[in-house]
Amino acid sequence: MLRWHPYDGMFVCDCRGRVEHRPALVLRRTGFLARHVTPAHPEHSEDCPFARDPTEGREIVRSYRHPAGQVLRLLGPLQAIGGERHEVARVAYATPRSAVAQLLMRAVVAANIQQVRCGEDRLGLSQQYAEIRRVAADIRVAEEVTLQRVLGTNLDGLNRVIAAIEGVEPRSWRGSRPVGVIICQVDTVEPHLLRAGPERVLEVAGRISVFGESADATRRISPQTPGLAAIVVARPEANERYRALKAYVHPCYGRGDLMLVDSDYERRTLREILDTAAWMLNARKVGMTVEKPVFDIGLPVDEADAQGVRTFCIPDFVVTATDRDLEAVMDLRAGNDQAVGHDCP
Ligand SMILES: [Zn+2]
C-alpha cells in the first residue's frame, strides 16, 4: 500500500487507487510519518489509516478496546436528531466506535455468541436472545440502571421498552438521560426505517449507522444476509415522547445466528471454517473453537503509546484446537474485503 520514492524522499499511498496524484507521507526525524499534502499530493482517502492525526488515531484505537465495567453513555446531553442529513450512514474500522456499537459488542461477547465450539449444539435464536438478556444485568446504561431493566429484543417491542424506562425510579437516572435499548435482528435498512420480516417495522428518528467496509454496506443487510441492530430509545427533548432515536447495525452470520461478522465475505469464510472444523472433529478427532473477536486484542493503549506505536488488532477469526496446543489467527485482509483492524499512524 505504501511505496517509498527515493528521489522525492517520501512514501506514496495507494488509498485512492492508482491515480496520477497520490496521497503522500514524509518521514520526520522523530521517526513519525507525517502527511504531506500539496497540490500534487491530495488528502488520503477517508478510509485510509493515514487520513487521521496521531491523536485522532489514538482515540479511534481506544474506542475499540473492551470498555471494562464503566457506564456506557448512549446519549450526549442533548441528542440532536440529525434530520435529513444522516439517514443511513456507513461506519468502518477507520471511524471511532460509538457507545451504542460498544454496547452491542459487549453484549454479544458476554453472551458467548462470538464463539462456536465444534461438536457442541449451538444455541437457538431465542436462547441467544435469552443469553443477551441475562448478561445485560452486568452492563449499565446509567450509574444505577442496568441494561437488563430497559432492554427489548423485538423490533415491535418499543412500547414495552418505553414502559420499562418509565418504570425506573427517576432518581436512578441521576446524571444520565433516561434511555432504553432494543437489540434484535433486522432484515433491511432504509432511511429512517428498520424492517424484520414483512410485518415488523420500526421508525428511527435519527441516524442509522451500518457497519461495512465498502460503500454498499447498507445493501448487504438483506433478508438473506441479516444484521443485528442496537436501537437507542429516548426522548429527543425533555418534553417529547419516547422514540427510537438512533441505531447501529452490524452484519450477523444468518437468520438463525446472531454472531457478528464484518461482511458477506466473512460469512462465507466462517461457513467454510466450520465445515473444515466439523471434518477435523469427525475424521481426526480434533475439537475446535472458532471465535470472531470484536474488540482490540493488541497492546494496552498506554503501553503502546510509550513505545510510540499505536496499533489495534482485531483478527477476522481465531481458531483454536481445544485439546491441543494449537491456535491460528486468521486475517482475511488479502481477500475481497478489507475487513480487519489497521495500524494507526
Ligand atoms: Zn492513504
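Which strands do the buried residues of α4 pack against? They pack against β9 (151-152), β10 (180-186) and β15 (227-234).

## Basis of the model

This is a predicted model, in which local features need pLDDT of at least 70, side-chain atom pairs count only at pLDDT 80 or more, and totals for chains, interfaces and linings use all residues. Residues are numbered from 1 along each chain as its sequence is written.

## Overall make-up

The chain has seven helices and 22 strands. Helices (H or I, at least four residues) and strands (E, at least two) are DSSP runs, numbered from the N terminus. Of the 345 residues in the chain, 33% are buried. Buried means 20 or more other C-beta atoms within 10 Å of the residue's own; exposed means 12 or fewer; partly exposed lies in between, with C-beta atoms placed from the backbone.

Contacts are pairs of residues whose C-beta atoms, placed from the backbone, lie within 7 Å. Among those between residues at least 6 apart in sequence, 62% join residues at least 24 apart.

## The largest nonpolar core

The largest nonpolar core has 68 residues. Such a core is a set of buried Ala, Val, Leu, Ile, Met, Phe, Trp, Tyr and Cys residues joined through C-beta atoms within 7 Å. Leu 104, Val 181, Ile 231 and Val 233 have the most contacts inside this core. Helix α2 (residues 99-110) gives the most to it, with eight residues. Domain 2 (88-260) and domain 3 (264-344) each supply at least three residues. These domain bounds come from an automatic or database domain assignment.

Leu 104 touches Ile 183, Leu 228, Ala 230, Tyr 248 and His 250, leaving aside residues up to four places away in sequence.

Helix α4 spans residues 158-167, and its Val 161, Ile 162 and Ile 165 are buried. They cover an arc of only 100° around the axis, so they sit on the same side of α4. The arc is that of the directions from the helix axis to the C-beta atoms. Asn 159 and Gly 167 are exposed, on the face turned away from the buried side of α4.

In β10, seven of seven residues are buried. One side holds Gly 180, Ile 182, Cys 184 and Val 186; the other holds Val 181, Ile 183 and Gln 185. β9 and β10 run parallel, joined by two bridges. DSSP must find at least two bridges for strands to count as paired. Gly 152 stands opposite Ile 182 in β10.

## Helix α6

Helix α6 (residues 264-284) has 21 residues. From first C-alpha to last it reaches 29 Å, close to the 30 Å expected at 1.5 Å a residue. That expected span is 1.5 Å times one less than the number of residues.

Glu 266, Leu 270, Ile 273 and Ala 277 of α6 are buried. Their arc around the axis is only 65°, which puts them on the same side of α6. The buried residues of α6 pack against β16 (243-254), β18 (288-291) and β20 (317-321). On the other side of α6, Glu 272, Asp 275, Trp 279, Asn 282 and Ala 283 are exposed. Just after α6, Lys 285 takes a positive phi of about 60°.

## The loop at Pro 67

Pro 67 is in the loop between α1 (54-63) and β5 (88-91). Pro 67 counts as partly exposed because it has 18 C-beta neighbours inside 10 Å. Pro 67 touches Leu 72, Gln 102 and Arg 106, not counting residues up to four places away in sequence. Pro 67 and Gln 102 are 35 residues apart along the chain, yet 7.7 Å separates their C-alpha atoms.

How values were computed. Contact = placed C-beta atoms within 7 Å.
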